[in-house]
Amino acid sequence: MNPKIIVASLAAAVIVGVSVVSLYTPSAISLSGAAETTPPVKTADSTFTPAQQDAIGKIAADYLRSHPELLIEMSQKLQAQAQQKQATQSVQAALSQQAQLLGDPDSPVLNPQGDVAVVQFFDYQCVYCSRTAPAVEALIRANPGVRVVWKEWPIFGGKWPLSATAAQTGVGVWKLGGAEAYHRYHAALYATGHIEGELTAADIDAAVKQSGTTATAEGGSATAALDRNNALAKALGIQGTPAFVVMPVTGASADNVSVIPGAVSQAALQAAVDKARASAKQGG
C-alpha cells in the first residue's frame, strides 16, 4: 500500500481523534510501500507489532514534514463535511418548526400574504446585523411580495442591556402600530450605526417617534416572546446573529428551504427567495 494512503489515514485519525492502529494488517501492506498481491486475511493477531508501528510512525512523520498541506486539506474537507451536516440538520429543524417560525403573533410580520417568507434573527447591537441591514432593506424593496418575519433575539442583552430594551420596545411598537410602524422603528435603529454597546436610550426614543407610536419597553409579554425566539433559535441550531430562514409559506421541503447563518449579501438572500418561490409556483 502506498505510504501516502497510510499517512492520509493517520492524519485523518489525528484530526477526528480516533485510533487507526488496527485498520491495516501486515498482509495488506508492506513497509517498503509495495502492495501485496494476496488479499488481506484478518486474524486474531492482525495488528501491527511495536516495531511496525514505529516504522509507520516514522513514515508518517517524514511525509507530513514534507507535505504539511495534507493536514490542511484534510482539515478543510472535514470542516466542509461538518458544515454540510449542520446545514442539513438546520433545514430539517426549520421544517419541524415552521409553525413557530411563521405563526408567532408577537413576531413582527411585513407583507403577511407573501408566498415566500424571510425570517431574520437579529440583535440591534450586532455588528454583522448592522452590516446586513442594507441588504435586507434592498431585498424588501425588490420583492414587495415577500413575507418578512423579524425575530427579536437580543443575545447581547447580558453584556449591553439596551439590546434587550430595544427588543422589548420593538415588540411594543409592533403591537401598537403594526408592521409599517415596526419597520420604521427597526430601520431607524440600524440607521444610527450604534452597535457593540454604543446604542443609547435616546436612540431608542427617537426610533419610537419615527415609528409613529408611543411604545415603551414591553414587560411580561415581550419577555415571553423573546424567550420563545431564543428557544426557537436553539432548536434550529443557530449560534449567533444574524441568521435567516427562507422558505415557501406552503409546500416547504428540504429542497426549497434555506438556513443562512451570518452576514449575507442581497444576492444570496435573493437566490434563496428565488429557490423557494420557484418551488412554490410548481406547487411544492
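Biologist: What makes strand 2 and strand 4 a pair, and in which sense do they run, parallel or antiparallel?

Modeller: This is a predicted model. In it, strand 2 (residues 116-122) and strand 4 (residues 243-248) share six bridges in the antiparallel sense. A pair needs at least two bridges, so strands 2 and 4 qualify. One example is glutamine 120, whose bridge partner in strand 4 is phenylalanine 244.

Biologist: Why are strand 1 and strand 5 called edge strands?

Modeller: The open sheet has five strands in the order 1-3-2-4-5, with mixed pairing. Strand 1 (109-110) and strand 5 (258-261) each pair on one side only.

Biologist: Thanks! Why is the pair of phenylalanine 156 and tryptophan 160 called tilted?

Modeller: Their ring centres are 5.3 Å apart, and rings pair when centres lie within 6.5 Å. The planes stand at 45°; under 30 degrees would be stacked and over 60 edge-to-face, so this pair is tilted.

Biologist: And how do you know whether each of these two residues is buried or partly exposed?

Modeller: Buried means under 20% relative accessible area. Tryptophan 160 has 17%, so tryptophan 160 is buried. Phenylalanine 156 has 26%, so phenylalanine 156 is partly exposed.

Biologist: Why does glutamine 270 count as buried?

Modeller: Its relative accessibility is 18%, and the cut-off is under 20%, so glutamine 270 counts as buried. Glutamine 270 lies in helix 9 (residues 266-281). Leaving aside neighbours within four places in sequence, glutamine 270 is in contact with Leu139, Ala142 and Asn143.

Notes:
Residues are numbered from 1 along each chain as its sequence is written. This is a predicted model: local features need pLDDT of at least 70, side-chain atom pairs count only at pLDDT 80 or more; totals for chains, interfaces and linings use all residues. Side-chain values use heavy atoms; hydrogens and water are left out. Helices (H or I, at least four residues) and strands (E, at least two) are DSSP runs, numbered from the N terminus. Buried means under 20% relative accessible area, exposed over 50%, partly exposed in between (1.4 Å probe, protein chains only). Contact means heavy atoms within 4.5 Å. Rings of Phe, Tyr and Trp (its six-membered ring) pair if their centres lie within 6.5 Å; planes under 30 degrees apart count as stacked, over 60 as edge-to-face and the rest as tilted.
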